[in-house]
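Please examine the sequence and the structure shown here.

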Amino acid sequence: MAQSPYEIKKEICEIGKRIYDHGFVAANDGNISVKVSPNEYYCTPTGVSKGYMTPDMIIKIDGQGNKLEGRLNPSSEIKMHLRVYQERPDVNAVVHAHPPVATAFTVAGVELNQYILPEAILTIGNVPTCDYGMPSTMEIPESLMPYIQQHDAFLLKNHGALTVGNTLTRACFTMEEVEFNAKINLYARQIGVGANSHIEEISCHELERLMELRKKMGLPGKHPGCQKCPNKGTANCKCKDCAGAAPAADEQLVAEITKKVLAALG
């Protein structure tokens, strides 16, 4: 049964309190939106803490960001939400927050692209880091474009994270998964000492099985092609995307030998 306008607004307030209580936002940070029709969206107001919102504060806007209902004003960062809705018709909710550990990875210039937890692979895949963009401008929406079709979670360089979902609860849970995965990654690096310490990633064979499960679950994302897998191009690689291909080093060697043989033959 469809939610009433009041129920949607109430849920936005509850999710706002959830991300505030988790420490994913401070003061008035972050923003949340929900699609209610092809050209209408409820969103959080600017200048209000996400932990202390009430349903009467929630605003309705159209697809161009024009206010349709509400006494407060929408966040200037609603532009990135609207861009997501334009590019992804399957998305019904967007959450933007500043989860501390995940955001710290972007500040440190460390990619959060290791496949280390089966649950995270199934729910979020890997999390791309988008180029830095000036807040409140179209630079951030544009930075999402290389990744928007294949991912439901994005790190915004030096800015935070953006997650999307077919429901608001799903978008919020994805934000929680991003931060949890970042914490495990950080702890593993600390145990190994140093940001460049070894991270034990899931093997390409097991990764392929998990990606097949993602497809059955109807989730976006694809196998990365085992770029970092030591078995890439060998008989031990079980990934359909790259199995049987000669390693790059071997291809170069074959090319050099062929060139020398042809030169010798005149």
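## Overall composition

The model is predicted. Its secondary structure consists of eight helices and eight strands. Of the 266 residues in the protein, 45% are buried. Where contacting residues lie at least 6 apart in sequence, 61% of these contacts join residues at least 24 apart.

## The sheet

Eight strands form an open sheet in the order β4-β3-β2-β1-β5-β8-β7-β6, and the pairing is mixed. In general, strands of a sheet pair through backbone hydrogen bonds, in either a parallel or an antiparallel manner.

An antiparallel pair is formed by β7 (residues 153-156) and β8 (residues 160-165), which are joined over four bridges. Within this pair, Ala-153 has Thr-163 in β8 as its bridge partner.

Helix α2 (residues 78-87) lies across β1 (31-37), β2 (40-43), β3 (59-62), β5 (93-97), β7 and β8. Its direction makes an angle of about 40° with β1.

## Helix α7

Helix α7 comprises 13 residues, numbered 204-216. From first C-alpha to last, α7 reaches 18 Å, close to the 18 Å expected at 1.5 Å a residue. Its buried residues are Cys-204, Leu-207, Glu-208, Leu-210, Met-211 and Arg-214. These residues lie on the same side of α7 because they cover an arc of only 165° around the axis. The spacing follows a general rule: an α-helix has 3.6 residues a turn, so residues three or four places apart point the same way.

What covers the buried residues of α7 includes α4 (118-123). On the face turned away from the buried side, α7 carries the exposed residues Arg-209 and Lys-216. Just after α7, Gly-218 adopts a positive phi of about 75°.

## Cysteines

A disulfide is a covalent bond between the sulfur atoms of two cysteines. With a cut-off of 2.5 Å between cysteine sulfur atoms, the count is zero disulfides.

Are Cys-43 and Cys-130 buried or exposed? Buried means a relative accessible area under 20%. Cys-43 has 0% relative accessibility and therefore counts as buried. Cys-130, with a relative accessible area of 1%, is buried as well. Cys-204 is among the buried residues of α7.

Key:
Residues are numbered from 1 along each chain as its sequence is written. This is a predicted model: local features need pLDDT of at least 70, side-chain atom pairs count only at pLDDT 80 or more; totals for chains, interfaces and linings use all residues. Side-chain values use heavy atoms; hydrogens and water are left out. Helices (H or I, at least four residues) and strands (E, at least two) are DSSP runs, numbered from the N terminus. The expected span of a helix is 1.5 Å times one less than its number of residues. Buried means under 20% relative accessible area, exposed over 50%, partly exposed in between (1.4 Å probe, protein chains only). The arc is that of the directions from the helix axis to the C-beta atoms. Contact means heavy atoms within 4.5 Å. Two strands pair if DSSP finds at least two bridges between them. Axes are lines fitted to C-alpha atoms, for helices over the stretch in contact, and angles run from 0 to 180 degrees between N-to-C directions.
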